[in-house]
Amino acid sequence: MSARTKRIKKTSWGARERAGMSFLIVVAFFAVFGLIILTEVLMIDDRGRAGSIIVRHGSNGGRFGESVPDYDDVKDDYLDDTGIFVRETKYGGAAVKNILKNQKDLKNSIGISVLTDPAEPRNPPVVPWGQMLPSKIEQTLPRFPADMKPTDGSWEIVNGTRYKFFVFSAFYDRRDGKLVRVIGATKTRGPEKVWCRFWYQTGVNSTKYRSASVMARVKIIRENWNLKYSACFILCPIRGPYPEIPHAVSVVSKIRAAPGNVLMLRNTDNDPDFTNRTFSNIPNSIGVCVKPLHFNYDQALYLLEFLELNNLLGVSHFTFYNHTIGPKASCVLQHYVNGDLPQHIAPYEDASPPKAPNSSSLDTTDVPYRMPTKYNEDNTALLKPKITVNILPWNLRMRSQKEIRTEGLFASLNDCLYRSMYRYSHVALIDLDEFIIPHHNDTLIDLITWLSKRINNRNTGAYSFQNAFFYLQFADDELMYKGPETQTNLRAALTTQRKTRRRSKLHPQKQRSKYICKPEAVIEAGNHFVWEFCPGRGSLNVPADAAILHHYRVCEFGGDDCIKTPSLVDRTAHRYSKRLLDRVGTVYNYLKDTCNLQDIPRAPTKPPPTRKKELKIRIPLKPDGDKKVTAMSKSQPNGASDASQGPATVPIEVILKTR
């Protein structure tokens with residue numbers, strides 16, 4: 001055999017050997033991969049088979065968004081071995097009681113250590129989410145704290161948590177089963193697990209309470225900018241052994257820990273403000289929710305403008321959250337809370353209304369208020385419509401924009417949403433520098449009724465309005481100088497009357513937009529749009545020619561470059577000028593001494609009218625051909641010409657006018 005043949009055979013053998021090795025490597029890889037998959041399948045916890053996720057959607061129409069359910073998909077959130085919960089598919093409700101009963105060291109196991117099952121040590125039985133603890137276990141837990149009274153609308157701490165955890169208010173949500181919904185604030189990522197302890201009165205006016213405890217679910221509210229803390233819902237289903245509605249609720253981190261908070265349950269028969277209504281029989285009414293007032297807000301006159309103009313637009317109730325409000329604005333709001341306001345509205349140019357007494361404790365509950373059906377042009381006997389105001393303290397101990405977004409505003413928006421439910425047919429979530437102004441209707445209720453006649457809004461849960469910037473750097477409206485001097489001063493001090501130039505281009509929907517919603521149709525409220533509706537409900541984008549959001553603010557990016565953007569004059573808000581001046585002027589004069597308000601500032605000097613500059617140019621006009629006519633020939637009847645006189649030119653004057 002030649003050397004060449006041996007070399008060829010050796011090369012062929014090497015190639016076959018390398019091919020065989022590659023094949024074995026591929027086989028080994030797939031074998032290992034298959035083994036891993038098989039191991040995962042065999043060792044997977046049966047909780048995965050039980051944790052099916054149900055997603056319900058709203059209407060698929062173009063104007064409706066999806067609606068994700070609150071707690072149909074929560075079982076997987078608590079399927080671990082760190083507490084006393086879940087796996088309801090394997091351990092039925094009746095079996096849970098027996099399992100807990102047979103534990104040898106039950107006291108040490110609840111809330112601290114894991115309940116162990118000798119037959120299944122690595123897969124401990126636990127209480128399902130939403131399952132009440134058995135009554136025998138409940139009797140061993142701490143009693144109702146006799147030294148604590150149920151609170152509503154104040155931030156309370158949840159004891160024993162590793163991170164900050166606060167609760168503010170609790171509401172009974174009866175729309176989809178029985179559920180207690182607590183408004184709170186806690187860690188955004190991986191919130192700690194908590195329990196809800198329901199308190200039931202043992203008798204009418206009794207100070208003794210029985211309790212029932214249930215594992216809660218913490219649901220983080222969206223729009224948190226990925227900051228460390230976020231507003232949240234604590235969801236607590238109501239099931240046996242006490243299916244009735246509790247009187248109060250406590251949120252605890254350890255089931256055997258003494259409660260650090262007791263929240264009064266609202267939207268129940270025990271709630272003094274609750275009227276057992278459904279959406280179908282709530283009279284047409286609008287409430288306004290305003291996010292927490294901060295940075296020592298003390299603009300009393302603008303606050304009056306906000307209240308009275310919105311009242312002209314049909315708003316009857318306002319909810320404020322007091323973070324850092326100044327003394328003058330606080331005094332004004334307190335008079336609205338107490339109802340200590342002038343009974344009649346006087347024309348502002350002749351206004352000499354009675355002044356408020358030094359004490360703000362004047363009882364006006366028996367004063368007969370009525371909402372006028374038609375505005376009286378002479379305004380002589382017009383009763384002032386009643387405006388109700390609710391102010392809640394906002395002392396959330398989290399650093400704004402460092403730990404939580406904007407003083408936890410999403411907790412306030414959703415608290416106001418549920419606080420307004422069953423009380424008002426609609427609620428508007430707007431800021432103090434914003435007004436929803438209709439173009440064809442006088443009030444917002446009229447607008448909604450008008451829209452319902454043109455658009456099928458049976459499934460509408462919210463009405464969204466596009467944002468229009470009325471930059472404060474734009475020039476003042478010239479019309480504010482018309483009228484008597486007293487009216488001119490006040491009109492120049494009201495933002496909606498002074499600023500009528502706006503940016504031509506409106507923001508698209510869901511960008512800077514605001515909305516009016518039906519509270520019973522909303523599960524989770526956002527700042528610019530609704531995040532979650534009840535199934536089958538959605539948002540209606542209101543056409544810009546029907547109404548827009550007037551937003552009065554400085555340039556959003558600093559400086560004055562915003563005035564260079566294309567703009568137009570929009571005087572829609574001037575339709576309310578006379579009524580607004582009369583109302584604000586009457587109330588301002590009434591509260592001036594009591595609240596230590598300053599005099600209405602004088603209107604800025606009216607700028608002089610723009611003078612048109614004239615540039616005069618004299619251009620000599622030369623006679624043409626046989627049309628030449630000299631001045632001498634005209635003066636001599638015989639037509640003789642004087643050689644000493646040349647042809648006379650006729651000058652013309654051209655005036656160029658420039659601004």
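Author: Buried means under 20% relative accessible area, exposed over 50%, and partly exposed in between, using a 1.4 Å probe on protein chains only. The model is predicted: local features need pLDDT of at least 70, side-chain atom pairs count only at pLDDT 80 or more, and totals for chains, interfaces and linings use all residues. Residues are numbered from 1 along each chain as its sequence is written, and side-chain values use heavy atoms, leaving out hydrogens and water.

Reader: Are Glu 532 and Lys 219 buried or exposed?

Author: Glu 532 is buried, and Lys 219 is too.

Reader: How far apart are the closest N and O atoms in the salt bridge of Glu 532 with Lys 219?

Author: A salt bridge puts a side-chain nitrogen of Lys or Arg within 4 Å of a carboxyl oxygen of Asp or Glu. Here the closest N and O atoms are 2.7 Å apart. Glu 532 lies in strand S22 (residues 530–533) and Lys 219 in strand S6 (residues 217–220), so the pair ties together parts 313 residues apart in sequence. Strands (E, at least two residues) and helices (H or I, at least four) are DSSP runs, numbered from the N terminus.

Reader: How many salt bridges does the whole structure hold?

Author: The search finds 30. Among them, Arg 405 meets Glu 223 at 3.5 Å, N to O.

Reader: Which residues of helix H9 are buried?

Author: In H9 (residues 444–454), they are Leu 444, Ile 445, Leu 447, Ile 448 and Leu 451. They cover an arc of only 160° around the axis, which puts them on the same side of H9. The arc is taken from the directions from the helix axis to the C-beta atoms. Lys 453 and Arg 454 are exposed, on the face turned away from the buried side.
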